[in-house]
Amino acid sequence: MDSTNRLWYRDAIFYEIPVKSFYDSNNDGVGDFKGLTQKLDYLAWLGIDCVWLLPFYKSPMRDDGYDISDYYFIQPEYGTLDDFDEFVEQAHRRGIRVIADLVLNHVSDQHPWFQEARNPNSPKHDWFVWSDTDKKYSQARIIFVDTEKSNWTWDPIAKQYYWHRFYSHQPDLNYDNPEVREEMKNVVRFWLKRGLDGFRCDAVPFLFEREGTNCESLPETHAYFKELRSMVDKEFPGTILLAEANQWPTEAKAYFGNGNDEFHMAFNFPLMPRMFIALAKEDRTPIVDIIKQVIPIPENCDWGTFLRNHDELTLEMVTDEERDVMYHEYVKHPKMRLNLGIRRRLAPLIDDDQNTIRLLHALLFSLPGSPFLYYGDEIAMGDNIYLGDRNGVRTPMQWSPDRNAGFSKCDPEQLYTPVITNPIYHYESRNVETQSRLSSSLLNWLKEIIRVRKKYSDVLGRGEIRFIDHPNLKVFAFIRSYKGKSMLCVNNLSKKPVAVELDLREYVEWTPIEAQTSVPFPKIGRLPYFFTLSPHAFFWFKLTSPTGDTW
Ligand code: NOJ
Ligand code: CA
C-alpha cells in the first residue's frame, strides 16, 4: 500500500460488502469476518483498492445493522474484534484499504442510550429529539414512505414523541447536545485506532433539525462535519470521510467544503439515475447536463460513482418526468418498487443484457469520480424481489456451483436468506468459479477493464472532462485529459448500431489507440472522424501525438 499517495481515494476502485453476505467461515449460515479474510485474495485478484464494509456493529438487525445497539461491539455472528483486526491487517498486507459505515444520525431503539432516555429525568433524555406534539418540523419529508407515516413516534414511557428520519425503531440522536457530538467522535476514534482507512458516513444531511426548514443539509450539520474532519486530520491523517448525501447537485457538492475542511468524497447520487435514464431514452443529454452541474469540485476531493448498492435505486432527486421514465423502463412487476425507488440488482434491471452491463461499467470507469462496485455485480448476480425490504439484493455471494453457491456448508434452510436459484441467474452457472474459467465472462472482462482503468488512472481518475458536441444524441463522446495526456471515450447509448462523425480537428495528425487492445486506429485528419458502433458498444482511445509519446 502506497502510504505516500495522499490522494489515494482519487485513484481507487472501491468494493462494497455486507459482512453477512460474503463468505461464511464457520458454516452457521451467516457470513463473517474470518470468511471475508479468506476472500481477500479474490478481491486483490480483481484489482480492488478499498473495501467498504456495511455496518457490522451490534444490532437487532431490523435495518440490516443500520440500527446500532452498541457502537463498540461487533455483531456476534460476524466474529470478534480480533477477527476484525486480523481482517484489516490482512487487507493492508495485500494493499487493500478498508472503510466502514458510520451511522451518526440515529441508533436502534434497543440501544441502552435510548432505553435510558425514555425516562424524562435521565441524563440521556436530551440525547434524543423529543416533543409533546407531532407537529414540529413539518417541512421535513418522510424517507421510508412505504413504512412510515410520520417522522414522529409516540413513546408511552416518556409520554412524548421522538424524532426519526428513518424507521420508527431508529430514533435520531440530538446533535444539539454536546455530549452526543463528543461521543460520536469517540466512536470514530475507536475504529480509526484499529486501523480503518476511513468512513462512509450514513445519512449525512439529517443530523440537525430546525423549524421552518426541510431539516436537510443545515449549516449546523456542515459545521459538525467540519469539526469531525479537523479531528480526523489531526489524529488520523490519511484517513477519509465519504458522504452519503442523497441531495441535488448544489447541496451534494457543498459537502466538499473548501476542499480541505469537510468530506474527501461524496457519492454522486445526482449522476447515478441519469445513466439509466440516458440509456432508457437513448439520449446523452441527462448525463451531460448533470455532469456540468456537479463539476468542478476541489482538487483534493472526488465523487464516488456507482451503478447500484445495497439500497433500492433511489429516485428521490429526479424530476417527476424522469421518475416516470425510470418506472416505465425498469419496473416490470409492482414488487420491484420500494419507497421512491427500484429494488433490483444491476443485471436484472437491464434484462441481463451483457453489452449494456459492460457499457454501464465503461461509463462508471471513464466518467469523473472513483468507482464503487457492489458485491456480486461483477458476476451479474440476480436478485429476489419476493424477499422483503431491500433483502432481495443482499443474498449470499455466489462463489461456486456447490451447495449454497459455495457461500456456506450449512444446511440450505439455515442460510440467513436463500441463494438465487432463478433459472436465468442460478448460482450453478452464475458464480465466481465458473466465470473465472471462462475467458469471455463478465468477471474476466471486468478484471481487465479495471486493469485498463488503473493503467490510465491519472487521466481517467483525475483528468478534466470535455464533451464532444454533435447531432446524434445516441452517441455520448468525451475527452478526458490530464497534464497533456488525452483519452477519447465514445459510447453508443442505443439498442441499435450507430454511425457517427466527430469533429476531432484539434487533434489533427494524432493517432487514436484503442486502450484495451492497443490497436491503432486511422490517424485523425481535417475531415470529421467516422465511427461505427454496434448496439451499446463503447471505445476508449488513448490519443497519441504525431511526435509519439511514451505514456
Ligand atoms: C442509508 C443506508 O444506505 C440504508 O441502508 C439505511 O436504511 C438508511 N441509511 C438508514 O440508516
Ligand atoms: Ca458464519
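**View 1. Glutamate 227 sits in helix H7, which covers residues 219-235.** This is a predicted model, in which local features need pLDDT of at least 70 and side-chain atom pairs count only at pLDDT 80 or more, while totals for chains, interfaces and linings use all residues. Residues are numbered from 1 along each chain as its sequence is written, chains are lettered from A and ligands numbered from 1 in the order in which they are written, and side-chain values use heavy atoms, with hydrogens and water left out. Helices here are DSSP runs of H or I with at least four residues, and strands are runs of E with at least two, numbered from the N terminus. Glutamate 227 has a relative accessibility of 34%, so it counts as partly exposed (buried is under 20% relative accessible area, exposed over 50%, partly exposed in between, with a 1.4 Å probe and protein chains only). Leaving aside residues up to four places away in sequence, glutamate 227 touches Arg181 and Lys185 (contact means heavy atoms within 4.5 Å). Aspartate 261 is 34 residues from glutamate 227 in sequence, with 8.4 Å between the two C-alpha atoms.

**View 2. Five residues coordinate the calcium ion, ligand 2.** Asp24 and Asp28 and Asp32 each give OD, Asn26 gives OD1 and Val30 gives its O, at 2.2 to 2.3 Å. Donors are N, O and S atoms within 2.8 Å of the metal, or 3.2 Å for Na, K and Ca; water is not among the atoms, so sites may look incomplete. If you like sequence patterns, the donors follow the spacing D-x1-N-x1-D-x1-V-x1-D along the chain. Aspartate 24 is buried, with a relative accessible area of 1%, and valine 30 is buried too, at 13%.

**View 3. Serine 370 lies in strand S16, residues 370-374.** Its relative accessibility is 0%, so serine 370 counts as buried. The side chain of serine 370 reaches the backbone oxygen of tyrosine 9 at 2.6 Å. Such a polar contact is a pair of N or O atoms within 3.5 Å; within protein, one must be able to donate a hydrogen and the other to accept it, and residues adjacent in sequence count only if both atoms are side-chain atoms. Beyond four places in sequence, the residues that serine 370 touches include Tyr9, Asp11, Phe14, Met265, Trp303 and Arg453.

**View 4. Strand S2 (residues 50-53) is covered on both faces.** Cys50 and Trp52 lie on one side, Val51 and Leu53 on the other, and all are buried. Strand S1 (residues 14-17) pairs with S2 in the parallel sense over four bridges (pairing takes at least two DSSP bridges). Four bridges also join S2 to strand S5 (residues 97-103), again running parallel. Leucine 53 is a handy landmark: it stands opposite isoleucine 17 and also opposite alanine 100 in S5.

**View 5. Three strands form an open antiparallel sheet in the order S13-S15-S14.** Strands S13 (313-314) and S14 (337-338) stand at the edges with a single partner each, so one side of each is left without a neighbour in the sheet. S14 and strand S15 (residues 341-342) run antiparallel and are joined by two bridges. Arginine 337 stands opposite isoleucine 342 in S15.

**View 6. The whole chain has 16 helices and 23 strands.** Of its 551 residues, 63% count as buried. The C-alpha trace spans about 80 × 55 × 50 Å along its principal axes. Among contacts with a separation of 6 or more, 69% join residues 24 or more positions apart.
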